[in-house]
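Have a look at the sequence and the coordinates before reading on.

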Amino acid sequence: KRVVHLVKYQAIQELSNQFSDLTNQLEVELLTHPNWRPGMPKKPQPFPDRTNLVVKSGEYAFLRIKNTSSQVLNVAVLDLEPNWAVSRIRLQTSEEIFHPFNPNQEMLIPLQIKLPDTGKSSKGAETLKVFATVKPNDFRWLELPSLDEEIAPKAGLQRDPDPLGKLLAAVGADVDEPPFRMKAAVPIFDPSQEWTTKEIQITLTR
């Protein structure tokens, strides 16, 4: 079960479609705002070194997302945590599976980033993976608990019929579920498909 968990986690890490036309139409960056707390004005700034994003555990950072395309994009954010969990970051409400971004819409999302309390390490790596799609897709397929917890059954989730939806369902399918069959000729990573993803690598320190 632990091996299956790690394989799923790695598969989620590797999901990519960088040759999509949407890649250049999605702006994603992490901004810093030292000593910020909820209720204070938001005036985040770029990190001094954008290639080395270091956040102290428990501090806040801001995720900036902007849709620069001429169409609505459905955006979902996954948090790949140091304890091998994968969770969705809610952009507006807890019920949202994704959030629709109108053309030129921008959002600043405050995130309090923490190392797991049970961990003994003074440092950890965290990845924020932002997906943008033209068609709606259910990214709950990709959620995982921490490595020491049982993976909850996904049997109740709907399979979206487009190639990305089939891929998400294949990655998140229950271990005892027969493989989902689809035509071998369906191109999963075809650049013409209307989705892309960008990710941010963060180093956490205590």
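## A buried lysine

K129 is buried, with a relative accessible area of 2%; buried here means under 20% relative accessible area, exposed over 50%, and partly exposed in between (1.4 Å probe, protein chains only). This lysine is found in strand β9, where helices (H or I, at least four residues) and strands (E, at least two) are DSSP runs numbered from the N terminus. What does K129 touch, leaving aside residues up to four places away in sequence? K129 touches I12, Q13, L15, A76, V77, L78, L80, T197, K198 and E199, a contact being heavy atoms within 4.5 Å. As a distance to check in your viewer, the C-alpha atoms of K129 and Q105 are separated by 19 Å, and these two residues are 24 apart along the chain.

A word on the ground rules: this is a predicted model, in which local features need pLDDT of at least 70 and side-chain atom pairs count only at pLDDT 80 or more, while totals for chains, interfaces and linings use all residues. Residues are numbered from 1 along each chain as its sequence is written, and side-chain values use heavy atoms, with hydrogens and water left out.

## Two nonpolar cores

In soluble globular proteins, nonpolar side chains tend to be buried together. A nonpolar core is taken here as a set of buried Ala, Val, Leu, Ile, Met, Phe, Trp, Tyr and Cys residues joined through side-chain atoms within 4.5 Å. The largest such core has 27 residues, and L30, L63 and I65 touch the most other members. At least two residues of this core come from each of β1 (26-32), β4 (60-67), β5 (73-80), β8 (106-112), β9 (123-133) and β10 (195-205).

Not counting residues up to four places away in sequence, L30 touches F47, L53, V55, A61, F62, L63, L128, I200 and I202. There is also a second, separate core of 19 residues, including L80, L167, L168 and V171.

## An enclosed helix

Helix α2 is largely enclosed by the rest of the structure, because seven of its ten residues are buried. Which residues of α2 are buried? They are L164, G165, L167, L168, A169, V171 and G172. These buried residues of α2 pack against α1, β9 and β10.

## Two pockets

The pockets come from a 1 Å grid over the protein atoms alone: a pocket is an open set of points where a 1.4 Å probe fits, with protein on both sides within 12 Å along at least five of seven lines, and lining residues have an atom within 4 Å of a point. Grid points are joined across faces, edges and corners, and a volume is the space filled by probe spheres set on the points. The largest pocket holds about 320 Å³ of space. Its lining has 16 residues, of which K1, E149, E150, I151 and V175 lie nearest the centre. By type, this lining divides into seven nonpolar, one polar and eight charged residues, with Ala, Val, Leu, Ile, Met, Phe, Trp, Tyr, Cys and Pro counted as nonpolar, Asp, Glu, Lys and Arg as charged, and the others, Gly among them, as polar.

The second largest pocket holds about 190 Å³. Of its 13 lining residues, D79, Q112, I113, K114 and E126 lie nearest the centre. Strands β8 and β9 each supply at least two residues of this lining, which divides into seven nonpolar, two polar and four charged residues.

## Charged pairs

How many salt bridges does a search of the whole structure find? The search finds nine, each being a side-chain nitrogen of Lys or Arg within 4 Å of a carboxyl oxygen of Asp or Glu. In one of them, the side chains of E150 and K1 meet at 3.3 Å, N to O. E150 lies in the loop between β9 and α2 (163-172) and K1 in the segment before α1 (2-14), so this pair ties together parts that are 149 residues apart in sequence. E150 counts as exposed at 56% relative accessibility, and K1 is exposed at 75%.

R88 forms another salt bridge, with E143, and the closest N and O atoms are 3.0 Å apart. Since R88 lies in strand β6 (residues 86-89) and E143 in the loop between β9 and α2, the pair ties together parts that are 55 residues apart in sequence. R88 is buried, with a relative accessible area of 10%, whereas E143 counts as partly exposed at 22%. Finally, E27, E29, R64 and E106 are linked in a network of salt bridges.
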